[in-house]
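Thanks for coming, everyone. Let me put the structure up, and then we can go through its rings and charges.

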Amino acid sequence: MSRKRHARHQAKNHAIRQHTVDGYENLTARLGIRAPNLSSDGTYFPSFTSRNRTLVEFAYRSSWLIGAAVDTIADDMTKKGVSITSQVAPQARGRLEGRWEALGLWNALNDTLKWSRLYGGAIGVILIDGQDMSQPLRMGTIGRDAFKGVLPLDRWMLNLTSTEIITDLGPDLGKPRFYEVVGTAQGIPGWKIHHSRVIRMDGIGLPYQQAYTENGWGMSVLERIYDRLLAYDSASTGAAQLIHKAHLRTYSIDKLREILGMGGELEAGLMKHLDMIRLFQSIEGMTIMDTQDEFQTHSYSFSGLSDVLAQFAQQIAGASGIPLVRLFGQSPVGFSTGETDLANYYDNVSTLQARRLRRPVRRLFEILHRSELGSPLPDDFAFEFTPLWQMKETDRATVAMNTIEALSKAVENDLMPLHVARAELRDTAKITGIGANISDEDIEDAKDIDPPASSDFHAPDLDATGKALRDPTA
């Protein structure tokens, strides 16, 4: 065997026998997770805050920060509404939008989202007049003016029928088939509600075993941030208490114990002396005391408190997924304008809208269309959530002008038919604000218009300096 082959053989055997680990450890120096140090004893235990309904409600009522962590995302998901992007007759569009506002559907969806985030789960009951709540909802049975709105109910107002679960294949597989109302104190009937008549929303989704311990519901958003909230409130309350001790004064009196022990005239004289000091002690007064006495002042330093509070605030913002400028309502400091943070946050809200609201909103449009217009929703019906991030008017005008100019040049150069340009202009209307009223008829009519001939666009004659010569026939 040659030296090179022997060396490669030894290296290969050495590589096979070598013991490797994924994490760094040094037992002698007590470094590493499995070494005997303080970090090795750290672990995680569930707090089950979601189960403590009273604690969750008291925290929501008494802490503005907890209220903001629960309400902000729900408010942002529902405050701008949607825009119908498909072609709908103006009269039908007006009736749908007007009835949507009259029934307060955005408020109902907002409350359902809030209580799901606060308690870990909630439902919105679809109210159809004249129908049995325990029977499946069939769209074809919805009569004119039968849709009466959505009723939000949180998880503690319901009993789940764990023995009757959905076995049909689909997105609701494994969920309860019925929901029984137990919170009837507000005049709500004790319905047994079929799952097809509810819009179910969970707080933070849990894996199967943990969801099983929560009776099938999710987890409250407070559970993950509760320890950070306690740290922030403790720090801010402690800082407020320091204000009362920001300036301490001490007065050392010779033989004070003897004076207090004797009492009587000696103690009364001491108290009279202290009252005199309080009366005359000011920026213009003078403190008079015995030569054996000593008077001192002690001032507290608040340096570093703002940094600690800022760090706790950032932890809460990160845990809740809401930037500081939106959660605390405070202006950014330093070189940051906060626009990037808000843009990322609005992207996250758009993702939540697509995942949790798109199906319920389309379903409500289907019910509303049958109730108001007496017909099913068109197959090509489409809508988009109105973006939370709005361009400035100057930027919008610039984009609109650039879009129109680009489409015009494409048509003039025979790169795009006129009807395609009109369709493109209508598709960009939600960004530019121009072209939303272009109808399908306008687009069809443009197909019969011949594109401009290239001879219609001739370059003008130029002189030696490059200026256009005036056409004498013009």
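Start with Lys192. Its charged end sits over the ring of Phe178, 4.5 Å from the ring centre. "Over a ring" means NZ of Lys or CZ of Arg within 6 Å of the ring centre and within 35 degrees of the ring normal. Arg358 also has its charged end over a ring, that of Phe383, 4.8 Å from the centre.

A word on the source. This is a predicted model, where local features need pLDDT of at least 70, side-chain atom pairs count only at pLDDT 80 or more, and totals for chains, interfaces and linings use all residues. Residues are numbered from 1 along each chain as its sequence is written, and side-chain values use heavy atoms, with hydrogens and water left out.

Confidence next. pLDDT is the predictor's confidence in each residue, from 0 to 100. The protein has a mean of 82, and 88% of its residues reach 70 or more. Helices here are DSSP runs of H or I, at least four residues; strands are runs of E, at least two; both are numbered from the N terminus.

Now the rings. How many aromatic pairs does a search of the whole structure find? It finds 13. Rings of Phe, Tyr and Trp (its six-membered ring) pair if their centres lie within 6.5 Å; planes under 30 degrees apart are stacked, over 60 edge-to-face, the rest tilted. Tyr179 and Trp217 make a tilted pair, 6.3 Å centre to centre and 45° between the planes. Tyr179 is in strand β5 (residues 178–181) and Trp217 in the loop between α6 (208–213) and α7 (222–243), so this pair ties together parts 38 residues apart in sequence. Both Tyr179 and Trp217 are buried, meaning under 20% relative accessible area; exposed is over 50%, partly exposed in between (1.4 Å probe, protein chains only).

Back to Phe383. Phe383 and Phe385 are both buried.

Glu372 lies in helix α12 (residues 339–373). At 8% relative accessibility, Glu372 counts as buried. Leaving out residues up to four places away in sequence, Glu372 touches Arg95, Arg99, Arg144 and Asp145; contact means heavy atoms within 4.5 Å.

Then Arg117, in helix α5 (residues 105–119). Among its contacts beyond four places in sequence are Ala69, Gly203 and Ser220.
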